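Reader: I would like to go through the terms used for this model one by one, setting each value against its cut-off. Please take me through them.

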Amino acid sequence: MASSAPPATGWAALPRDVLWSLFTDLGQREVLSGVGLACAPWWHLAHDEPALWHRIDLTTAAGDDTVPGWKAMALAAIDRSAGQCEVFWSRVDDEFLLYLADRASSMKSLRLTSSYDVSSKVFAELIKKFPLLEELELVLFKSDAYTTKSKQPSNNSWVDLFRSTCEACRHLHHFTVRRTDKARHYRSYYEREEERSLKRFSIPKMHGLHSLELSGGHLTKHLVINIVDNCPSLESLNISDMYLDTEEGKDLRNKCSQIKNLRLPEVYYVENLMVS
């Protein structure tokens, strides 16, 4: 007759609730990096408990966007969530976002970082798979001249992403696209013409949207007015990274006078000249 396995001792014998608290305190990055391999009970909790991955936070204290192995770690976390993830904070690229969109239909909060390897066009399509989304934050880390991997100029339009998000995510409360590099450049004639082509921009009424921050994306006075008119509950608006002439700045400040936390550009343009 085979003898039964000896009872677990030491770290392997920790009660489940204690082990859960330990994993929570250590953080999911540590669990994915090897803590979950310490012994069989730890491995089973790390791999077979989707509730542990209901909320995924793989961010770093330093906000480093270049941590090696980030994608393998993020993929493993999503797989372990078994479709139950509602909060995801991590580095991403287009490939990972496509993977995430097919496995997290209950997503409510996305806080993402990217080195400009996220396409606004791709994101605008897959955002439709997150109908319950309440918060979207995308932080774009500095990249060489804002170019793609093929060294071609980026044609991302975060305004279009905002419009697509409003159309697909009617529970949206917070939306942010922020560049870490705030370097400004002169606005060319061609950029002005492209901005004028967006005059038919519109979004649905977003009664639940409380805060909005947009960087770049050819924001214009017309676009901002449309946004303010359709977001009556807006309490915070940061559009300090857009181009305005002096008169446009005055008009927008008057239009947005009821918004509690308002940030407009501190630099204005007169034709192609920049003034402070």
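Reader: What does L252 touch, not counting residues up to four places away in sequence?

Author: L252 touches K221, V224, I225, I239, M242, L244 and L264, where contact means heavy atoms within 4.5 Å. L252 is found in helix α10, helices being DSSP runs of H or I with at least four residues and strands runs of E with at least two, numbered from the N terminus. The C-alpha atoms of L252 and L264 are separated by 8.3 Å, the two residues being 12 residues apart along the chain. This is a predicted model, in which local features need pLDDT of at least 70 and side-chain atom pairs count only at pLDDT 80 or more, while totals for chains, interfaces and linings use all residues. Residues are numbered from 1 along each chain as its sequence is written, and side-chain values use heavy atoms, with hydrogens and water left out.

Reader: What makes L252 count as buried or exposed?

Author: Buried means under 20% relative accessible area, exposed means over 50%, and partly exposed is in between, computed with a 1.4 Å probe on protein chains only. L252 has 0% relative accessibility and therefore counts as buried.

Reader: How do you know whether α9 is parallel or antiparallel to α10?

Author: The axes of helix α9 (residues 221-230) and helix α10 (residues 246-255) come within 11 Å and cross at roughly 0°; such axes are lines fitted to C-alpha atoms, for helices over the stretch in contact, and the angles run from 0 to 180 degrees between N-to-C directions. Angles under 35 degrees count as roughly parallel, over 145 as roughly antiparallel, 65 to 115 as roughly perpendicular and the rest as oblique, so α9 is roughly parallel to α10. On the α9 side the contact is made by K221, V224, I225, V228 and D229, and on the α10 side by E248, D251, L252 and K255.

Reader: What is the make-up of the contact of α9 with α10 by class?

Author: The contact has four nonpolar, no polar and five charged residues, with Ala, Val, Leu, Ile, Met, Phe, Trp, Tyr, Cys and Pro counted as nonpolar, Asp, Glu, Lys and Arg as charged, and the others, Gly among them, as polar. In α9, the residues L223, V224, N226, I227, V228 and N230 are buried, and the buried residues of this helix pack against α7 (158-168), β6 (211-215), β7 (236-241) and α10.

Reader: Why is the pair of K221 and D251 called a salt bridge?

Author: A salt bridge is a side-chain nitrogen of Lys or Arg within 4 Å of a carboxyl oxygen of Asp or Glu, and the side chains of K221 and D251 meet at 2.7 Å, N to O. K221 lies in helix α9 and D251 in helix α10, so this pair ties together parts that are 30 residues apart in sequence. K221 counts as partly exposed at 26% relative accessibility, and D251 is partly exposed with a relative accessible area of 35%. By this rule the count comes to 13 salt bridges.

Reader: Which other salt bridge links distant parts of the chain?

Author: D93 forms a salt bridge with K71, the closest N and O atoms being 2.7 Å apart. D93 is in the loop between β2 and α5 and K71 in helix α4, 22 residues apart. D93 is buried, with a relative accessible area of 8%, whereas K71 counts as partly exposed at 22%. K71, D93 and E95 are linked in a network of salt bridges.

Reader: What makes α4 roughly parallel to α5?

Author: α4 and helix α5 (residues 94-101) pack at an angle of about 5°, with their axes 11 Å apart, and that angle makes α4 roughly parallel to α5. In this contact W70, K71, A74, L75, I78 and D79 of α4 meet E95, F96, Y99 and L100 of α5.
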